[in-house]
Amino acid sequence: MIASILRKDCKLRCLRPTLAAGLDNNLILENLFGVFQRHFVDSSTPPPDNSRAGIADLCDIFHPESVDETSSSKQLEIMDPIFRDYGGKTRFSGMVSTVKCFENNPLVREALEEPGEGRVLVVDGGGSLRCALLGDQIAQMAADHGWKGVIVNGCIRDSEDISTMNIGVKALNTYPLKSAKRDPGLRDVPVIIAGVQVRPGNYLYADKDGVVVSKKPLCLKEVIKQTK
């Protein structure tokens with residue numbers, strides 16, 4: 001069987017002149033090991049880990065297509081990898097509320113003064129890097145009021161203090177200058193951030209691997225039960 005595989009494997013066929021000449025033993029060994037991996041090692045994706053509930057696990061179940069495939073079976077959208085983690089929690093999720101503003105944050109404060117009830121605030125600051133839309137006082141207020149996280153398409157400040165708080169915070173970067181108050185902004189409207197349209201009432205999941213958004217709650221536990 002092994003001899004048959006070695007005869008058929010295209011990579012090994014390319015090595016026949018090398019084998020015949022008795023050259024480069026390291027190269028020969030590397031390719032033999034590659035043949036072994038391709039034919040004898042199970043390279044299938046491991047089952048999702050419900051206890052971890054990571055973004056990678058959600059993608060394996062609810063976005064089964066590889067990067068080369070396109071279909072309608074995916075149940076979530078993946079944001080472009082543009083955000084950095086600043087909060088004390090790097091893994092968070094919840095129903096979405098939105099604020100759309102540009103270089104001003106009165107509506108950000110107004111939103112986070114409300115009971116969060118486990119929600120995530122998505123702030124579309126237009127990607128501006130000229131001022132901060134979230135600081136330590138508003139972030140602490142959000143944590144105290146039960147918000148799970150804040151995602152800012154813009155900058156934050158007081159990042160060292162925010163890193164100790166029991167809340168998830170992702171943003172493009174930090175900037176020490178506070179924002180202006182000239183633009184009232186919009187509350188709970190659809191926004192497009194990092195290549196994904198986010199609507200109030202969507203569900204957002206985030207960790208160090210990235211951010212995904214779905215129209216309905218995603219539950220790994222139920223899916224794993226159904227497949228057993």
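## A tour of the salt bridges

Start by selecting Arg91, which is partly exposed, with a relative accessible area of 40%. The model is predicted, and every value on this tour is computed from it.

**Stop 1: Arg91 and Asp207.** Now colour the elements around them. Arg91 sits in the loop between strand E2 (84–85) and strand E3 (92–100), while Asp207 belongs to strand E11 (residues 203–207). The pair therefore ties together parts that are 116 residues apart in sequence. Is Asp207 buried or exposed? Asp207 is buried, at 3% relative accessible area.

**Stop 2: Asp124 and Lys100.** Select these two next. They form a salt bridge, with the closest N and O atoms 3.3 Å apart. Both partners lie in strands: Asp124 in E4 (residues 120–124), Lys100 in E3. This link joins parts 24 residues apart in sequence. Show the surface here. Asp124 counts as buried, at 6% relative accessibility. Lys100 is partly exposed, with a relative accessible area of 36%.

**Stop 3: Arg130 and Glu103.** Move on to this pair. Arg130 forms a salt bridge with Glu103, and the closest N and O atoms are 2.8 Å apart. Where do the two residues lie? Arg130 is in the loop between E4 and strand E5 (132–134). Glu103 is in the loop between E3 and helix H6 (106–112). The pair ties together parts 27 residues apart in sequence. Arg130 is exposed, with a relative accessible area of 56%. Glu103 is buried, at 4%.

**Stop 4: a network.** Select Glu114, Arg119, Arg187 and Asp188 together. Salt bridges that share partners join these residues into one network. Side chains of opposite charge can pair when their charged atoms come close. How many salt bridges does the count give? The count comes to 8.

**Stop 5: the whole chain.** Clear the selection and zoom out. Switch to a cartoon view. The chain has 9 helices and 12 strands. Of its 228 residues, 41% are buried. The chain exposes about 13100 Å². Carbon and sulfur atoms supply 52% of that area.

Notes: Residues are numbered from 1 along each chain as its sequence is written. This is a predicted model: local features need pLDDT of at least 70, side-chain atom pairs count only at pLDDT 80 or more; totals for chains, interfaces and linings use all residues. Side-chain values use heavy atoms; hydrogens and water are left out. Helices (H or I, at least four residues) and strands (E, at least two) are DSSP runs, numbered from the N terminus. Buried means under 20% relative accessible area, exposed over 50%, partly exposed in between (1.4 Å probe, protein chains only). Accessible areas come from the Shrake-Rupley method with a 1.4 Å probe; for residues, only the protein chains shown count as cover. A salt bridge is a side-chain nitrogen of Lys or Arg within 4 Å of a carboxyl oxygen of Asp or Glu.
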